[in-house]
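Let's sit down with this structure and learn to read its features one at a time. Bring your questions, and we will take each in turn.

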Amino acid sequence: MTDPFDATTSWLRSQPSLTGTAPSLDPATLDDDPVLLFRTWIAEAVDAGVAEPHTMTLATLDADGIPDASTLILKGVDDRGWAFAGPRSSRKGAQLTAHPVAALNFWWQPVVRAVRVRGRVEEASAEDTAADLAARSPAARAGVAPGDWKLWRVRPVRVEFWQGEEDRRHSRIVFVRSGGTWARSISGRAADAM
Ligand SMILES: Cc1cc2nc3c(=O)[nH]c(=O)nc-3n(C[C@H](O)[C@H](O)[C@H](O)COP(=O)(O)O)c2cc1C
């Protein structure tokens, strides 16, 4: 069914976007490590009343190179990467075996902030996987076949922090992994104060 500039299109265009209120962003005190900045931002999202801020979109690649995306819960973030878990026998499990790469996206509407993470994916240790499974509710554990649960980590090569601004000069803080350290660049409104 074609939709030539009809009611759906104009209805979509009339929907408001970027209606939240961003917390202040001071480049002088900005964390210079993406893990620290992510922890700051997710805490500020919680303070602003964002529900379930640890919910994210995971993008994977299937054996034919066609992308897929699903909604997951973030299980941890530290120097080893951003952790997520699911059944190894799932579609995403097969996709991660075929192509151990992924991207993650967070969108926190009330604070007009989004975070993107991309990199290679590594399987966590058996101990970390067991700890994650043990932390699930008995009901959630019951649905998992023995040995099927897996914890993975995205080891980021690029992390982008995006903040919508009222004047539409949106702020971007981009971290790129280079030679074992992070290079950080700031653009948009946040760069004005530097
Ligand atoms: C809010 C929310 C959180 C979810 N969290 C997870 C999760 O942490 N792990 C998981 O395997 N699936 C989770 N799911 C289900 C996945 O989105 C997906 O439907 C399921 O894992 C099967 O995907 P697959 O067959 O492509 O692997 C969640 C779904 C929603 C809506």
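**Reading the model together**

Q: Which element gives the most to the shell around the ligand?
A: β2 gives the most, with four residues. Keep in mind as we go that this is a predicted model.

Q: Which residues surround the ligand?
A: The shell consists of Thr 55, Ser 70, Thr 71, Leu 72, Ile 73, Ala 85, Gly 86, Ser 90, Arg 91 and Lys 92. At least two residues of this shell come from each of β2 (67-73), β4 (81-87) and α3 (91-98).

Q: How do the shell residues divide into nonpolar, polar and charged?
A: Three are nonpolar, five are polar and two are charged.

Q: Let me step back to the whole chain. How many helices and strands does the protein have?
A: There are six helices and nine strands. The C-alpha atoms fill a box of roughly 55 × 50 × 35 Å along the principal axes. Of the 194 residues, 24% count as buried. Among contacts with a separation of 6 or more, 59% are between residues 24 or more positions apart.

Q: Now a helix, please. How many residues does α2 have, and what does α2 reach from its first C-alpha to its last?
A: Helix α2 covers residues 34-47, which makes 14 residues, and reaches 20 Å. That is close to the 20 Å expected at 1.5 Å a residue.

Q: Which residues of α2 are buried?
A: Pro 34, Phe 38, Trp 41 and Ala 45 are the buried ones. These residues lie on the same side of α2, because they cover an arc of only 70° around the axis. On the other side of α2 you will find Leu 36, Ala 43 and Asp 47, which are exposed.

Q: What covers the buried residues of α2?
A: The cover includes the strands β3 (76-78), β5 (101-108), β6 (113-123), β7 (149-163), β8 (171-178) and β9 (181-187). Following α2 comes Gly 49, with a positive phi near 85°.

Q: How do I read the side chains along a strand?
A: In a regular strand, side chains alternate between the two faces of the sheet.

Q: In what sense do β1 and β2 pair, and over how many bridges?
A: The two strands pair in the antiparallel sense, over seven bridges. To find one of the pairs, look at Leu 58, whose bridge partner in β2 is Ser 70. The hairpin of β1 and β2 has five residues between the strands, and there Gly 65 takes a positive phi near 80°.

Q: How many bridges join β1 to β5?
A: Three bridges join them, and the strands run antiparallel. Here the bridge partner of Ala 59 is Ala 103 in β5.

Q: Let's finish with the loop and the chain end. Why does Thr 19 count as exposed?
A: Thr 19 sits in the loop between α1 (7-14) and α2. Thr 19 counts as exposed because it has 10 C-beta neighbours inside 10 Å, and the cut-off for exposed is 12 or fewer. The C-alpha atoms of Thr 19 and Glu 165 are separated by 9.9 Å, though 146 residues apart along the chain.

Q: With which residues is Ala 193 in contact, leaving aside its neighbours within four places in sequence?
A: Ala 193, in the segment after α6 (189-192), is in contact with Asp 26 and Pro 27. Ala 193 counts as exposed because it has 11 C-beta neighbours inside 10 Å.

Methods. Residues are numbered from 1 along each chain as its sequence is written. A residue is near a molecule or strand if its C-beta atom, placed from the backbone, lies within 6 Å of it. Ala, Val, Leu, Ile, Met, Phe, Trp, Tyr, Cys and Pro count as nonpolar, Asp, Glu, Lys and Arg as charged, and the others, Gly among them, as polar. The expected span of a helix is 1.5 Å times one less than its number of residues. A residue is buried if 20 or more other C-beta atoms lie within 10 Å of its own, exposed if 12 or fewer, and partly exposed in between; C-beta atoms are placed from the backbone. The arc is that of the directions from the helix axis to the C-beta atoms. Two residues are in contact if their C-beta atoms, placed from the backbone, lie within 7 Å. Two strands pair if DSSP finds at least two bridges between them.
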